[in-house]
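Good morning, colleagues. Please look at the sequence and the structure on the screen, and I shall then go through the loop, the core and the pocket in turn.

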Amino acid sequence: MTVQATAGGSATLDAEFFVGGVLADADSVQLDITYGGSVGLVPDYAGPYTLAAGQITRTGTGLYAFTWQVPAGAQTGAYV
């Protein structure tokens, strides 16, 4: 998932988890944010954030949300 983020603003990320084509609750959820590239190809910019720590919110069966407060010094652009 890619979101556009602006320094000092916020960016909301929504995720869905499916099992056999049906929304289902995940055993665990973790989010790492990178800037301008795919996970594993560039270093993490922020995170990890987890469901267990209460940083990610379950909004329904198999549905999750996270609102990231973008640091004031962050570059404006695409975050993955």
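**A loop, a core and a pocket**

Gly20 sits in the loop that runs between strand S3 (18-19) and strand S4 (22-23). Strands here are DSSP runs of E with at least two residues, helices are runs of H or I with at least four residues, and both are numbered from the N terminus. Residues are numbered from 1 along each chain as its sequence is written. The model is predicted, so that local features need pLDDT of at least 70 and side-chain atom pairs count only at pLDDT 80 or more, while totals for chains, interfaces and linings use all residues; side-chain values use heavy atoms, with hydrogens and water left out.

Gly20 is exposed, with a relative accessible area of 78%. Exposed means over 50% relative accessible area, buried under 20%, and partly exposed in between, with a 1.4 Å probe and protein chains only. The C-alpha atoms of Gly20 and Gln69 are separated by 34 Å, the two residues being 49 apart along the chain.

Let me turn to the chain. It has nine strands and zero helices. Its C-alpha trace spans about 40 × 25 × 20 Å along the principal axes. Of its 80 residues, 30% are buried.

What does the largest nonpolar core contain? Such a core is a set of buried Ala, Val, Leu, Ile, Met, Phe, Trp, Tyr and Cys residues joined through side-chain atoms within 4.5 Å. Here it has 17 residues, of which Leu31, Ile33, Tyr49, Ile56, Phe66, Trp68 and Tyr79 touch the most other members. Strand S1 (3-5), S2, S5, strand S6 (44-50) and S8 each supply at least two residues of this core, and S8 gives the most, with three. Leaving aside neighbours within four places in sequence, Leu31 is in contact (heavy atoms within 4.5 Å) with Leu13, Gly47, Pro48, Tyr49, Ile56 and Phe66.

Finally, the largest pocket has a volume of about 290 Å³. A pocket is an open set of points on a 1 Å grid over the protein atoms alone, where a 1.4 Å probe fits, with protein on both sides within 12 Å along at least five of seven lines; lining residues have an atom within 4 Å of a point. The volume is the space filled by probe spheres set on the points, which are joined across faces, edges and corners. Of its 18 lining residues, Met1, Ala15, Val29, Gln30 and Leu31 are the closest to the centre. S2 (10-16), S5 (30-34) and S8 (63-69) each supply at least two lining residues, and the largest share, four residues, comes from S2.
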